[in-house]
Amino acid sequence: MTPPEKSPTAVCSPDGAVLLDRLHAILTRYVVLPTVEAVDGVVLWIAATHAQAAWAHAPRLVIRAPEKRCGKSRLLDIVEGCSHQPLITVNASPAAVYRASGSDSPPTLLVDEADTIFTGDGANEDLRGLLNAGHQRNRPAIRWDHTARKLEQIPTFAMAALAGIGAMPDTIEDRAVVIRMRRRTGSEKVAPYRVRRDGPPLKALAADLAAWAGANLAVLEAAEPDMPLEDRAADTWEPLMAIADLAGGHWPARARRAAEVLNAERDGNTITSDRVRLLADCRTAFGKADAIPTNILLERLNRDPEAPWAESGPGGLTPIKLAALLRHYEISSTTIRFAPPIGQAKGYARCDFIDPWRRYCPAPEPSTDPEPYQPYQPYHSSSEAVRVNDVVRLKPYQDARDLTTKHTNRTDPTTPDDLTGTA
């Protein structure tokens, strides 16, 4: 009978928690990071670079700042000094990155001034695609080798850090530990960093981290840490959690706290795409209506001064542009019979938006204010059930007896001022 396979056991020397504490002390000596969770996130990311062979995913580290002189380049200097085989550049072609990543022991790619690489629509899409693909193992780039006349598969898997002013492309930040730097105040002091003087101690620490992680690669590869996150965020943070659990001490709890805080901060500051923004704005325009004419929907979207729709063209957002944007969510207009004075018109039904709203838009806070009667509700013939929206609401201080005659003789609902002339 074959004995059961034993789980790998951790090598206790050198002490992982002590190494992470040393790295933490070095970071806070030379750089002021925005939060304690940001420090812990960088510490764990640097340590994880020394065990790339164990990971199924290679998390990115995004170091961004709103302005110059916020410490992002200095932080990248420390990351370079402590990471596994750092390869730093201020610009790189996709071909060069392919060749650098295509090895059994890929370097840690460090890109400074990354904001200049991704400036402009469609800028460096090949490099962005490479960085996205390299987040997961076994996602090679395929190129045709003219010399050998055959397909060539180039590995893309490698850990990478990018520093720059402003946000990185959202597909990169979605795969990253995002650190938002800020300029130091006069009371926040750091030690000056000089490569000749301070570089060797960082290299010595990097060697200790490599020895510790290398001795425990089997343990790290088999690790299945408990994750406070889900989906891609869990993929990104799993290597960092495995490092923290292996180190032990206070690091497992600190790692999970850092993951929750930094991930929530990233999600809260993510730039919403135009299509998702349109979904949310359509929900506001709908109110409580079951359907809305296309022209009224466009009027409400285009008159919002804080929305981008009025600048979509000379006349703002048009029916064709609206249909093209909503088509991604399988939403299309149809002919709907509305109550007078609108009648039959092209419009959008609320039911088509329900699922996209639930999936792509944060739920709005429930409103306690009553919704006024809306004359653009879908019209129902006398043979159909009477809608609740036909209930007449009293104005402040108005006696209900004053409405008896008026409501009995009324044929058309009152049209609000903001809809006059739109139908």
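Modeller: Let us begin with one pair of residues in this predicted model: P293 stands opposite G347 in β10. That pair belongs to the pairing of β8 with β10, two strands that run antiparallel and are joined by 3 bridges.

Biologist: What is the order of the strands in the open sheet of 3 strands?

Modeller: The order is β8-β10-β9, and the pairing is antiparallel. The edge strands are β8 and β9, the latter covering residues 334–337, since each of these pairs on one side only. Neighbouring strands of this sheet are turned by 60° against each other on average, if direction is ignored.

Biologist: Which strands does α13 lie across, and at what angle does it run to β8?

Modeller: Helix α13 lies across β8 and β10, and its direction makes an angle of about 85° with β8. In the loop between β9 and β10 you will find P341, and the peptide bond leading from P340 to P341 is cis, with omega near 10°.

Biologist: How should I read a helix, and which residues of α12 are buried?

Modeller: The general idea is that an α-helix has 3.6 residues a turn, so residues three or four places apart point the same way. Helix α12, residues 274–286, has 13 residues and reaches 18 Å from its first C-alpha to its last, which is close to the 18 Å expected at 1.5 Å a residue. Its buried residues are V276, L278, L279, D281, C282, R283, A285 and F286. What covers them includes the strands β8 and β10 together with the helices α13, α14 and α15. Just after α12 comes G287, which takes a positive phi of about 65°.

Biologist: Where do residues other than glycine take a positive phi, for example E330?

Modeller: E330, with phi near 60°, lies in the loop between α14 and β9, and E330 counts as exposed because its relative accessible area of 74% is over 50%. D231 is another such case, with a positive phi of about 55° although it is not a glycine. D231 lies in helix α10, residues 231–247, and with a relative accessible area of 62% it is exposed.

Biologist: Is D40 buried or exposed, and what is it in contact with beyond its neighbours in sequence?

Modeller: D40, which is found in helix α2 (residues 36–48), is buried, because its relative accessibility of 5% is under 20%. Leaving aside its neighbours within four places in sequence, D40 is in contact with H24, W251, R254 and A258.

Biologist: Which strands pair with β3, and are its faces covered or open?

Modeller: Strand β3, residues 108–111, is covered on both faces, for T108 and L110 on one side and L109 and V111 on the other are all buried. Strand β2, residues 86–89, runs parallel to β3 and is joined to it by 4 bridges, with L87 standing opposite L109. Strand β6, residues 160–165, also pairs with β3 in the parallel sense, over 3 bridges, and here L109 stands opposite A160.

Biologist: How many disulfides does the structure hold?

Modeller: A disulfide is a covalent bond between the sulfur atoms of two cysteines. This structure holds 0 disulfides. As for individual cysteines, C70 is buried, with a relative accessible area of 7%, whereas C351 counts as exposed at 59% relative accessibility.

Key: Residues are numbered from 1 along each chain as its sequence is written. This is a predicted model: local features need pLDDT of at least 70, side-chain atom pairs count only at pLDDT 80 or more; totals for chains, interfaces and linings use all residues. Side-chain values use heavy atoms; hydrogens and water are left out. A disulfide is a pair of cysteine sulfur atoms within 2.5 Å. Buried means under 20% relative accessible area, exposed over 50%, partly exposed in between (1.4 Å probe, protein chains only). Contact means heavy atoms within 4.5 Å. Two strands pair if DSSP finds at least two bridges between them. The expected span of a helix is 1.5 Å times one less than its number of residues. Axes are lines fitted to C-alpha atoms, for helices over the stretch in contact, and angles run from 0 to 180 degrees between N-to-C directions.
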